[in-house]
Amino acid sequence: MLQKTKDYLMDEFKIKGNILDFCSEIEKKMNKRLRDIDEIREYNQLKVLKAMQSIGLSDRHFSVSTGYGYDDIGRDAIEQVYAEVFRTEDALVRPQIISGTHALSLCLYGILRPSDEMLSITGKPYDTLENVIGINDIENGQGSLRDYNIQYKQIDLTAKGEVDIKKVMDTISPKTKLIYIQRSTGYEWRKALTVNKIKDAVQQIKKQFPNILVMVDNCYGEFIEPLEPTEVGVDIMAGSLIKNPGGGLAPTGGYVVGKKHLIELVANRLSAPGLGKEGGATLGINRTFFQGLFLAPHIVAEALKVAILAARVFEELGFEVCPTSEDERSDIIQSIKLGTPESVITFCKAIQESAPVDAFVTPEPWDMPGYNDPVIMAAGAFIQGSSIELSADAPIKAPYIAYLQGGLTFEHGKIGIYIALQRLAEKNIIKL
Ligand SMILES: *Cc1c(COP(=O)(O)O)cnc(C)c1O
């Protein structure tokens, strides 16, 4: 760190010098790990570049469609590029998909039919999916899959965070149509499932049950590894454009990639049977989708560096973190067990304070739609709710875990960590 930088952080951001020294030392120690991330970034950048070149991306793809949005060549091109990058037959990439939850929900409603069964093999899905599936106390008649007599079963991960493959094999029945895998941790204390582990599970399942469909919730997983789940046998996968693949630029949207006939079903659900992928005005958003995807491998690497540095910093302060600074990673989430309501709230407020947007706002825990506990969210983002931007959130429930993710630049993520340490130190939650 330049002396000038240190002075600036001390004078203008009021961070104590010993906090900065502590973090700089740790960053040095993590050097090898940080360089490894650059190598994955380089490969993924090539993959994205090649996909854009191979479809002949050009200025004409950046035009604006309105109304029905028929013959939108830019929209077709972005979908071709996604299919190419994720090595799938087809893709649906739309601003009309409002979030990751919506993209995942479209897949489930598009594919599953009454009396079919879905089997989650990574335990309880992400909180917002509970309302979709109907596995919480959501009333009948609200339109969950349960209302349509779509059955749900789940197999928890083993204590070591692995897919319990034997139990999965014993649970699959002729009714099981779709296996559901969530790659990222969600609000759980577990490591993300690596693509290799997804591959092992898919291979074993498909060997014995070749007709079963495998779906992956890929939120936060894109461009972390050189391979994506759809390259190891997964049939359909979905995620959010205000997370990794939007590269911080996509202002809204979601994507689904997979087998052609499945994408057709999902598109019929998004629009209407018969309309499928044919319509949907893009209102000038296409260029941003392309540009965001082009930057995504870089931005994801930045976010990953923030996560790894935070892991090591909090490890050295004696906190339990998941994953550890040395663990293999498959998402951008860093869970930090801070242990008290005060400490998670202090942490999230500090991340908000470090933001370029709304730094003056103080976040408070609130009952967010789709979540079961009050959640505090720090999101001083250019794009509302974007969590590829530096953000932190924590459900206010024991054991009081803060989830840190994102960072469009490593430099900004570091400032977030410094301010968090400063505020935690002021409250005597840490000694530095
Ligand atoms: C964020 C997330 C979702 C839901 O995405 P939203 O865009 O917030 O609706 C689903 N699954 C996982 C693992 C996520 O991280």
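Q: What makes the meeting of the E117 and K153 side chains a salt bridge?
A: In this predicted model, the N to O distance between E117 and K153 is 3.3 Å. The criterion asks for a side-chain nitrogen of Lys or Arg within 4 Å of a carboxyl oxygen of Asp or Glu. The E117–K153 pair therefore qualifies, with 3.3 Å against a limit of 4 Å.

Q: Why does the pair E117 and K153 tie together parts that are apart in sequence?
A: E117 belongs to strand β2 and K153 to strand β3, so the pair links parts that are 36 residues apart in sequence. The structure holds 33 salt bridges, and the pair of E117 and K153 is one of them.

Q: What makes K191 and D327 a salt bridge?
A: The closest N and O atoms of K191 and D327 are 3.7 Å apart. The cut-off is 4 Å, so the pair of K191 and D327 meets it with 3.7 Å.

Q: How many salt bridges cross the interface of domain 1 and domain 2?
A: The rule finds one salt bridge across that interface. It also finds 12 residue pairs in polar contact there, both residues being at pLDDT 80 or more. On the side of domain 1 that touches domain 2, the elements giving two or more residues are α3 (31–54), α10, β8, β9, β10, β11 and β12. Helix α10 gives the most, with four residues.

Q: What are the bounds of domain 1 and domain 2, and where do they come from?
A: The domain assignment of the protein chain gives domain 1 as 3–44 + 297–426 and domain 2 as 60–293. Such bounds come from an automatic or database assignment. The C-alpha centres of domain 1 and domain 2 lie 27 Å apart.

Q: How do you know that domain 1 and domain 2 are in contact, and what area do they bury?
A: Contact requires heavy atoms within 4.5 Å, and 38 residues of domain 1 are in contact with 36 residues of domain 2. Between them, domain 1 and domain 2 bury about 3,000 Å², with 60% of it on carbon and sulfur atoms. S330, Y371 and I383 supply 19% of the area that domain 1 buries against domain 2, more than any other three residues.

Q: Why do β8 and β10 stand at the edges of their sheet?
A: The open sheet of five strands has the order β8-β9-β12-β11-β10, with antiparallel pairing. Both β8 (320–322) and β10 (375–378) have a single partner strand, so one side of each is left without a neighbour in the sheet. From one strand to the next the twist averages 20°.

Q: What makes β11 and β12 paired strands?
A: Pairing needs at least two bridges. Three bridges join β11 (residues 391–395) to β12 (residues 401–405), and the two strands run antiparallel. The bridge partner of A392 in β12 is L404.

Q: Which helices touch or lie across strands of this sheet?
A: Helix α10 (residues 286–316) packs on the sheet and touches β8, β9 (334–337) and β12, its direction making about 20° with that of β9. Helix α11 (residues 341–353) lies across β9, β10, β11 and β12, at about 160° to β11.

Q: What makes β1 and β3 edge strands, and what is the order of their sheet?
A: Seven strands form an open sheet in the order β1-β7-β6-β5-β4-β2-β3, with mixed pairing. The strands β1 (90–94) and β3 each pair on one side only, and they are the edge strands.

Q: How many bridges pair β2 with β4, and in what sense?
A: Strand β2 (residues 117–120) and strand β4 (residues 176–182) pair over four bridges in the parallel sense. At least two are needed, so β2 and β4 count as paired. The partner of L119 in β4 is I179. Elsewhere in this sheet, helix α4 (residues 73–85) lies across β1 and β7 (254–258), running at about 125° to β1.

Q: Which peptide bonds are cis, and what is omega in each?
A: The bond joining C322 and P323 is cis, with omega about -5°, and the bond from A398 to P399 is cis with omega near 5°. P323 is in the loop between β8 and β9, whereas P399 is in the loop between β11 and β12. Most peptide bonds are trans.

Key:
Residues numbered from 1 in each chain as written. Predicted model: local features only at pLDDT ≥ 70, side-chain atom pairs only at ≥ 80, totals over all residues. Heavy atoms only, no water. Axes fitted to C-alpha atoms, helices over the stretch in contact; angles between N-to-C directions. Buried area = accessible area lost by both parts, 1.4 Å probe. Polar contact = N/O pair within 3.5 Å; in protein donor to acceptor, adjacent residues only side chain to side chain.
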